[in-house]
Structure formats: structure tokens, C-alpha cells
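Welcome, and please open your viewer. We will take a short walk, one selection at a time.

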Amino acid sequence: MEIQDVFERPNIRWHQRFTIDGVTSPGYHDMDLLISSAQVPDDLTSLSVLDVGTTNGAAAFECEKRGAKEVIAVDICQPNVFGFDLLAKFLNSQVQFLQSSIYQLPSKLQGRKFDFVIFWGVLYHLRHPLLGLDALAQVSNDHLTLETVISSDSNTSATFFRGTELGNDGSNWWAPSESCLSQMLSSSGFTPRLIKRWDAGISKRAIMNCSLAGELPEYLYEGY
């Protein structure tokens with residue numbers, strides 16, 4: 001099997017654009033640019049990695065290539081939908097695939113925590129984004145890198161999309177402002193740092209890299 005044969009499979013949804021053996025996938029999100037922009041370390045030796053919302057698996061496979069001792073790739077879809085299974089076989093990869101929603105992750109991972117958690121292109125698909133961030137805090141040892149749509153309206157905390165207003169996609173629900181996103185992450189137990197923001201045409205996007213702020217998230221101290 002050649003990688004070109006995999007990339008040409010008509011039944012696979014190509015979300016990410018990345019290159020294997022000099023051949024580029026037909027996706028539209030440039031993963032090399034995203035990995036570089038998010039400042040993913042070149043050397044991940046001895047680190048465990050969790051890639052939440054892996055789709056085609058480009059970030060997970062790259063982290064394995066950079067020496068991560070363990071990589072688990074998570075998606076709500078089965079591994080054949082985005083060709084993850086075929087790519088793993090082609091690459092002779094040891095990356096493990098876990099089908100799960102973000103809300104189920106703490107129970108499915110049975111208390112396991114990961115040194116480096118990737119969460120790109122998922123937050124705006126969540127009807128309950130704070131629950132999602134709370135779940136990430138429960139499975140993170142320290143570092144979280146998050147990429148998401150942010151609101152283009154600086155006068156609002158977050159924009160709610162009831163229908164298909166964002167990108168003609170009914171699975172897009174929320175776009176927090178940059179400030180709101182930072183506050184949400186802080187409430188869930190992270191210390192966020194803005195890495196980059198840009199205009200992606202139909203939406204504005206941002207990357208925030210975070211570390212855990214303490215043993216318990218803020219909301220457990222402040223809430224009831």
C-alpha cells in the first residue's frame with residue numbers, strides 16, 4: 001500500500017493537511033503550521049501525550065515521531081471515518097486510538113493523566129464547553145495546548161450559534177472572546193498564555209498554551 005492510495009480513498013474525511021513520504025493529504029487545516037504555531041516541543045522523549053479530537057491523527061503521529069513514550073489519540077468518531085486506522089497501519093504506529101466524547105474521558109481513562117494534552121479545533125463544537133475543560137483538567141498532568149474559534153465581537157463574552165451561523169455547520173455552538181476563553185480556562189484550573197491569534201476567513205482563531213494552576217480547579221474552591 002502506498003500513502004497516495006490512502007490519501008485518495010473517497011470514503012475518508014480529510015480534515016487535516018499534512019505530508020507523509022513527500023505526499024500531502026487533501027485536508028484544509030495546515031498541521032505543520034499549527035504544530036509550529038503552538039510551539040510543540042521538538043523533543044517529547046519520556047512524555048505521555050493525549051490528542052483530543054485527533055480526526056486524521058496528524059498531531060498524534062507527529063508527537064510519536066518526536067519521541068513521546070505513549071500517545072493516545074481520541075475522537076468521537078470511529079477510527080475509519082478519518083482514515084486513522086489506515087494511517088496507523090501504514091506508519092507502523094504504536095499510537096493507541098480511543099473512541100470517546102470529551103465528557104467521558106476521565107472515566108474511560110480511569111484516572112490516568114498525561115504530560116502533554118492537545119485540544120485543537122474542538123471547543124467550539126461543545127454544547128457544554130466548561131464541562132469539557134473540566135474534563136481536560138482531570139486528565140492533564142501539566143501542559144495543555146488549545147486552539148479554537150474565538151468571537152469576533154470584542155464587546156461580548158461569548159457568541160452562541162443556535163443553528164448553522166458559523167461556517168454553515170450545525171455542530172458549531174460557541175465562540176468565546178479571547179478574554180472569556182482565558183477566564184474559562186482559569187476557572188477550570190489552568191493558567192493560560194496566549195500564543196497566537198489570527199483571522200481564518202469565516203472566523204477568528206487563537207491558540208492558548210496552559211499549565212495546571214494547582215491541585216484543585218478554581219471552581220471547586222469558589223463554587224458550591
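This is a predicted model: local features need pLDDT of at least 70, side-chain atom pairs count only at pLDDT 80 or more; totals for chains, interfaces and linings use all residues.

Residues are numbered from 1 along each chain as its sequence is written, and side-chain values use heavy atoms, with hydrogens and water left out.

**Stop 1: the largest pocket**

Select His15, Gly121, Val122, Tyr124 and His125, which lie nearest the centre of the largest pocket among its 48 lining residues. (On a 1 Å grid over the protein atoms alone, a pocket is an open set of points where a 1.4 Å probe fits, with protein on both sides within 12 Å along at least five of seven lines; lining residues have an atom within 4 Å of a point.) This pocket holds about 1,200 Å³ of space, a volume being the space filled by probe spheres set on the points, which are joined across faces, edges and corners.

Next, colour helix 2 (31-37), one of the elements that supply at least two residues of this lining. Helix 2 gives the largest share, four residues. (Helices are DSSP runs of H or I with at least four residues, strands are runs of E with at least two, and both are numbered from the N terminus.) Strand 8 (114-120) and strand 9 (140-150) are also among the contributors.

**Stop 2: the second largest pocket**

Move on to the second largest pocket, with a volume of about 330 Å³. Pick Thr19, Ile20, Phe61, Glu62 and Lys65, the closest to its centre of the 15 residues that line it. Which helix gives the most to this lining? Show helix 3, which provides five residues and spans 58-65.

**Stop 3: a surface patch**

Now select Leu216, Leu220 and Tyr221, which make a nonpolar surface patch of about 340 Å². (Patch residues have over 30% relative accessible area and no salt bridge, and nonpolar side chains are joined within 5 Å; a salt bridge is a side-chain nitrogen of Lys or Arg within 4 Å of a carboxyl oxygen of Asp or Glu.) Leu220 sits in helix 8 (residues 218-222).

**Stop 4: Cys210**

Finally, find Cys210 in strand 13. Is Cys210 buried or exposed? Cys210 counts as buried because its relative accessibility is 3%, where buried means under 20% relative accessible area with a 1.4 Å probe and protein chains only.

Notes. Patches are made of residues with over 30% relative accessible area and no salt bridge: like charges are joined within 9 Å, nonpolar side chains (Val, Leu, Ile, Met, Phe, Trp, Tyr) within 5 Å. Accessible areas come from the Shrake-Rupley method with a 1.4 Å probe; for residues, only the protein chains shown count as cover. Buried means under 20% relative accessible area, exposed over 50%, partly exposed in between (1.4 Å probe, protein chains only).
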